[in-house]
Amino acid sequence: MTMEFTDRVARVEPSATLTISALATELEADGVDVVDLSVGEPDFPTPENVVQAGKDAMDAGHTGYTTPAGHLELREAISEKLAVDGLDHGPDEIIVTPGAKQSLYEIVQTLVQSGDEVVLLDPAWVSYEAMVEMAGGSLSRVDLSPYDFQLEPALDDLAEAVSDDTDLLIVNSPSNPTGAVYSDAALEGVRDLAVEHDVTVISDEIYKEITYGVEPTSLGTLEGMADRTITVNGFSKAYSMTGWRLGYFAGPKDLIDQAGKLHSHSVSSATNFVQYAGIEALENTDDAVTQMVEAFEDRRDLVVDLLEEHDVDVAVPDGAFYMMLPVDDDDQAWCEGAIEDAHVATVPGSAFGTPGYARISYAASEERLEEGIERLAAENYL
């Protein structure tokens, strides 16, 4: 039997980050010592009190179905967290999802249909493009690489890309893959264009709690943005809970009502007992998050210094735990060679819409980061 597959699936490629990670895993299974700098996952364990909260919830019998939008207590805790960020969203304007990626998928499926124009800021996280293409949308891209990946100096370029035909703009600050944190002036420029052209904006803030000496602004707090911004966040990065699969989005009530239909017919709800772990993460992990962020900052500085020793200049990130390494024009070949020859896994910049770079994740120990840079240098990849 020959199966016929839909155009929406044929339009997209597998996630490049997960593909590289899978290749690293295969090599490791063959006994090769791979320094994996490709994965977007903190190397810290989930805080013990969060783990215990999940266990306690299971022991208490919280293993069945739950309210599709999420436990009220969790949505109230999220609402309070958003209020600290300056956002006003009650529990009825929040949906809890199995990971922030699911949040983004549901929003795009709710807002984008065939032919709708979506603007991305490149380098852009790999799944934005796939989600838009599966929804039938078209992409308009703004390249931030000439501006050290900052948005403020690229506002004129963004103004050329955004028009009355634009339906959606996706902003990710702090950024994956660059670690850039966009300035208030940059976000105000986004606001002006969104208001002028009546554009809805997704503000992906999954790395908001991981910054170094800067305070990121939530886009929805700016005047004129409250009713046109959907804010996405989750627990994977700041609380080292990638495998727990817990995220959320908040936005205008009509968007929540419509997206809730898709949510209820697809995932039904986030896992019951995991939501109790999420409450604990929001309420009782400030110290653990601070310790992780301080460690990431030290690692960032270490990698920048190591690269400097090899005369490699990079745009120093202010958030997340990634940086973009300038490489050969054929970044795909560079990354494949780096893992085959130096046994160091990175992700090609072309996967993010920006060829000529490789993304490095410094969510690894200092020892492994030093080993990775030394290997790349020894094999002439720096």
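**Close-up 1. Glu379 sits in the segment after helix H13 (366-378).** Helices here are DSSP runs of H or I with at least four residues, strands are runs of E with at least two, and both are numbered from the N terminus. This is a predicted model: local features need pLDDT of at least 70, side-chain atom pairs count only at pLDDT 80 or more, and totals for chains, interfaces and linings use all residues. Residues are numbered from 1 along each chain as its sequence is written, and side-chain values use heavy atoms, with hydrogens and water left out. Glu379 is partly exposed, with a relative accessible area of 38%. The cut-offs are these: buried is under 20% relative accessible area, exposed is over 50%, and partly exposed is in between (1.4 Å probe, protein chains only). Glu379 belongs to a patch of negative charge on the surface. Patch residues have over 30% relative accessible area and no salt bridge; like charges are joined within 9 Å, and nonpolar side chains (Val, Leu, Ile, Met, Phe, Trp, Tyr) within 5 Å. Asp and Glu count as negative, Lys and Arg as positive; His and the chain ends are not counted.

**Close-up 2. Met1, Met3 and Phe5 make a nonpolar surface patch.** The patch covers about 490 Å². Areas come from the Shrake-Rupley method with a 1.4 Å probe. Met1 lies in the segment before helix H1 (7-10). Is Met1 buried or exposed? Met1 counts as exposed, because its relative accessibility is 95%.

**Close-up 3. Arg368 and Asp33 meet in a salt bridge.** The distance is 2.8 Å, N to O. Arg368 lies in helix H13, and Asp33 in the loop between helix H2 (16-29) and strand S1 (35-36), so the pair ties together parts that are 335 residues apart in sequence. A salt bridge here is a side-chain nitrogen of Lys or Arg within 4 Å of a carboxyl oxygen of Asp or Glu. Arg368 is partly exposed at 27% relative accessibility. Asp33 is partly exposed at 40%. Salt bridges link Asp33, Arg368, Glu371 and Arg375 in a network. The structure holds 14 salt bridges.

**Close-up 4. Glu129 and Arg141 form a salt bridge.** Their side chains meet at 3.1 Å, N to O. Glu129 lies in helix H6 (residues 126-134) and Arg141 in strand S4 (residues 138-143), so the pair ties together parts 12 residues apart in sequence. Glu129 is partly exposed at 26% relative accessibility. Arg141 is partly exposed too, at 31%.

**Close-up 5. Asp85 and Lys81 meet in a salt bridge.** The distance is 2.7 Å, N to O. Lys81 counts as buried, with 14% relative accessibility.

**Close-up 6. Asn284 is in helix H10 (residues 272-284).** Asn284 counts as partly exposed at 46% relative accessibility. How far apart in space are Asn284 and Ser268? They are 28 Å apart, C-alpha to C-alpha, and 16 residues apart in sequence.

**Setting for the close-ups. The protein has 13 helices and 12 strands.** Its radius of gyration, taken over C-alpha atoms, is 20 Å, close to the 21 Å that the globule rule (2.2 Å times the number of residues to the power 0.38) gives for 382 residues, so the protein is as compact as a globular protein of that length. Buried residues make up 55% of the 382 residues.

How values were computed: The place of a charge is taken as NZ of Lys, CZ of Arg, CG of Asp or CD of Glu.
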